[in-house]
Amino acid sequence: MTRKADTIGARIRYWRMRRGGMSQSALAGLAGVSQSYISQVESGRKVIDRRSTLVAVAAALQVTVADLLGQGTETGDPAREHAAECVPAIWSALIEIEDGERRQPTRTPRDLAAAVARSEQLRHRSNFPAMAQMLPGLLVESAAAGGAVLAQVAYQASACLRHLGYRHLALNAARVAVAAAEDVAEPAWLGASRFAYAQSLPIESASLAARAADRSLAELQSAAADERVRQMLGQLHLSAALASTVSGRPDVARDHLTEAAREAATLGDPQDGMGFNGCGFGPTNVALWQMSIAGESGEPGRVIELSRTVRPQVLAASIRQMSYWLDLGRALADSGRRDGEAITAFVRAEQAAPVPFSLNPLAQDAVVAMAHRAKRRALPKELRLLAGRLGIVIHP
């Protein structure tokens, strides 16, 4: 079995060898896992299903989690390569804006608003390569307008870059969004921008992300009469809950989830499936984050249980629907006894949002692990086709 890009396990082995041929036992000891676990991960028979484990292994190898995920560095995927061509221009535009330079606008306010709406539509469809093509010019034009327009476009840029694996640039874009919202004292956009900032921080900085969300929650309480602000307060609670789980503070995570659920119960799901800034905050979104947090907590059974009560189709953003099916698929694949159901879930995730699914290292590794388990049997047609679309070639 070969593939166009290395698995997480292959990258772990590469960096282990680069560290003077560190043994699997030594790495396991430093990371707080077993030697057999490292062996199975490196061979592709097992996946790393918790962000906290990725952080521990990366720290033991003295690399970043991004190094292990291959994010923003590997080529071979057409979607990533198409978007990568635009990244230098996006970076240049962000630097220009952060440096305080402003060009004369070349679009009318109406044309600019239409372009911003088009970019937002692409975000909801998870078409990040097409979005990346628009962003260099759109960032420069929105900087000339300033205020909420710049905050919105910089938020879009942050989300796009993060999903493409360029977290360092996503963080730059989030900072631009925060500064723009602060300039015009827009609490709702400030909440959205602060959410983008917390989401863009590297996984290793989960405790910092939780603290940043906490500070924003305290700062925005005075503006909670605005329903848009309440939606962003809910999103910040969810972000803090996941970050607290990753950093080993489940009690704090539970408190944030409780607050998010309380806020969602009073607001309900957005009637248009999107809500303010397309975040879709409401009971359904809270349940999706609960599934992700249960997976991070090592509770696949809880993920499956929660999935029975969620209808992800009520939310318009395709990335939300992909999240549901991806988390469910990984939970079903955990034991190795429900791979057929897991394959169905992964196919649904891919159908919902093909680009982010194809770029997700955890999804790729789950498919590789299932292929390893199926090696001695006739591979299901669905698994072979899915592996092919991900660039994984399974030899008989």
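# Questions on a predicted model

Visitor: Does Ala185 count as buried or exposed?
Guide: Relative accessibility at Ala185 is 62%. Under 20% relative accessible area a residue is buried, over 50% exposed, and in between partly exposed (1.4 Å probe, protein chains only). Ala185 therefore counts as exposed.

Visitor: What kind of model is this?
Guide: Residues are numbered from 1 along each chain as its sequence is written, and side-chain values use heavy atoms, with hydrogens and water left out. With local features needing pLDDT of at least 70, side-chain atom pairs counted only at pLDDT 80 or more, and totals for chains, interfaces and linings using all residues, this is a predicted model.

Visitor: How many helices and strands does the protein chain have?
Guide: Helices (H or I, at least four residues) and strands (E, at least two) are DSSP runs, numbered from the N terminus. On this basis the secondary structure of the protein chain comes to 22 helices and two strands.

Visitor: What is the radius of gyration of the protein chain?
Guide: The C-alpha trace spans about 60 × 45 × 40 Å along its principal axes. The radius of gyration is taken over C-alpha atoms, and the globule rule is 2.2 Å times the number of residues to the power 0.38. For 396 residues a compact globule would have a value near 21 Å, and this agrees with the radius of gyration of the protein chain, 21 Å.

Visitor: What percentage of the accessible surface belongs to carbon and sulfur atoms?
Guide: Buried residues make up 55% of the 396 residues in the protein chain. Accessible areas come from the Shrake-Rupley method with a 1.4 Å probe, and for residues only the protein chains shown count as cover. The accessible surface of the protein chain comes to about 16900 Å², and the part that belongs to carbon and sulfur atoms is 50%.

Visitor: Which cysteine sulfur is nearest to that of Cys86?
Guide: Cys86 is in no disulfide, its nearest cysteine sulfur being 8.7 Å away. Cys86 is buried, with a relative accessible area of 13%. Cys279 is also in no disulfide, with the sulfur of Cys160 15 Å away. For Cys86, the nearest cysteine sulfur is that of Cys160.

Visitor: How many aromatic pairs are there by this rule?
Guide: Rings of Phe, Tyr and Trp (its six-membered ring) pair if their centres lie within 6.5 Å; planes under 30 degrees apart count as stacked, over 60 as edge-to-face and the rest as tilted. The count comes to five aromatic pairs.

Visitor: At what angle are the ring planes of Tyr324 and Trp325?
Guide: One of the pairs joins Tyr14 and Trp15, with centres 5.1 Å apart and planes at 80°, so this pair is edge-to-face. Tyr14 is partly exposed at 43% relative accessibility, whereas Trp15 is buried at 17%. The rings of Tyr324 and Trp325 have their centres 4.9 Å apart and are also edge-to-face, because their planes are at 85°.

Visitor: Which helices do the buried residues of α19 pack against?
Guide: Helix α19 (residues 339-352) has 14 residues and reaches 20 Å from its first C-alpha to its last, close to the 20 Å expected at 1.5 Å a residue; that expected span is 1.5 Å times one less than the number of residues. Its buried residues include Ile343, Phe346 and Val347. They pack against α18 (318-333), α20 (354-359), α21 (361-373) and α22 (381-389).

Visitor: Which residues does Val87 touch, not counting residues up to four places away in sequence?
Guide: Val87 lies in helix α7 (residues 87-98) and is buried, with a relative accessible area of 8%. Contact means heavy atoms within 4.5 Å. With residues up to four places away in sequence not counted, Val87 touches Tyr166 and Leu169.

Visitor: Which residues does His124 touch, not counting residues up to four places away in sequence?
Guide: His124 is found in helix α8 (residues 109-124) and counts as buried at 13% relative accessibility. Leaving out residues up to four places away in sequence, His124 touches Met274, Gly278, Ala316, Ala317 and Ser318.

Notes. Disulfide = S-S within 2.5 Å.
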